Amino acid sequence: MSRKAFLIMNPGLLGDRNYAPTVENAYNRVKSYLKSPVGGYWHDEEILELARVANYENLEEDFCNKMEAVGNVDVEYSLIVFIGHGGAVNGNDSIQLEDGRIIPISTLITPVSPITKRMVIIDACRSYVAIPEIMLEQRAFAGDGQFQGTWCRDYYNHLIAECEPHVELIQSTQYGQYAHGSQTGTAFMDALLGIIKHNLPLWNSLALMTHLGEYRATFRDLEGFVRTQMDAYGQVPQYTNASQCAFPLFALKRLVQNILND
């Protein structure tokens, strides 16, 4: 399956009042998860990242080029993740690039064609100080070396192929709400990745108990748990998906031994 992920961050400018230093930490945690076996086992060449404003003169050009790449007719599935500053501009949900440019979320979720399959995750946040835990998460999401990335990747692709074309939008807040940061990134990513990490031993056991050794989870499956985890912040995520099916956020494939009776 041909697929592309486009990752974007905007912590704000160093020294600004609204500078959010742990945006980059949350961003790196998401990237690490996507590259893990259970996160889809995305390869480096499948992941596009928006240039940082300090290293590139024209973010609009880079943004447009990479949006064109994820929207290419040959791309069967695309994933767009934004972490940083955003809000409602003139009544429209928007994200803000590091150069201050405003991008309507509608630009990200509008289907490129009738066969578009895309998930968009928007986590607009304000945060405080970073505590790196990425290496620990990498080991957890790899099952401490037990999980075969290629098997999980094939299962992940199979689940996407089974879905009808549609676009899913996951937003870390409701309209008009602020998003909150945390010491390890953002309240939303802490909740989402924390729930997956907490349930990983159980889901591994459930996979081993099935005939095919498989277990999957979508945001539709996890939404209630994420909401509960975020109650303390008074922050409510929003999930938009008009389809009956949902794309995977977690896909685990294990080798199981089937004992045949003589």
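Ten aromatic pairs are counted in this predicted model, where rings of Phe, Tyr and Trp (its six-membered ring) pair if their centres lie within 6.5 Å, with planes under 30 degrees apart counted as stacked, over 60 as edge-to-face and the rest as tilted. The rings of tryptophan 203 and tyrosine 215 have planes at 20° and centres 5.4 Å apart, so this pair is stacked. Tryptophan 203 belongs to helix α6 (residues 187–209) and tyrosine 215 to strand β11 (residues 214–218), so the pair ties together parts that are twelve residues apart in sequence. Helices (H or I, at least four residues) and strands (E, at least two) are DSSP runs, numbered from the N terminus. Tryptophan 203 is buried, at 5% relative accessible area, whereas tyrosine 215 is partly exposed, at 24%; here buried means under 20% relative accessible area, exposed over 50%, and partly exposed in between (1.4 Å probe, protein chains only).

Residues are numbered from 1 along each chain as its sequence is written. As the model is predicted, local features need pLDDT of at least 70 and side-chain atom pairs count only at pLDDT 80 or more, while totals for chains, interfaces and linings use all residues; side-chain values use heavy atoms, with hydrogens and water left out.

One aromatic cluster is made up of Trp42, Tyr77, Tyr156 and Phe247. Over the face of tryptophan 42 lies arginine 3, at 4.4 Å from the ring centre; a charge sits over a ring if NZ of Lys or CZ of Arg is within 6 Å of the ring centre and within 35 degrees of the ring normal.

What of the cysteines, and how many disulfides are found in the whole structure? The search returns zero, a disulfide being a pair of cysteine sulfur atoms within 2.5 Å. For cysteine 152, the nearest cysteine sulfur is that of cysteine 163, 18 Å away, and cysteine 152 is buried, at 0% relative accessibility. Cysteine 163 is likewise in no disulfide, and its nearest cysteine sulfur, that of cysteine 245, is 3.2 Å away. Cysteine 163 is buried too, with a relative accessible area of 7%.

The backbone also deserves a look. Most residues other than glycine have a negative phi. Tyrosine 41, although not a glycine, has a positive phi of about 50°; tyrosine 41 is found in the loop between α1 (23–35) and β2 (47–49) and is partly exposed, at 27% relative accessibility. Aspartate 144, also not a glycine, has a positive phi of about 50°. Aspartate 144 lies in the loop between α4 (134–141) and α5 (149–162), and counts as exposed at 65% relative accessibility.
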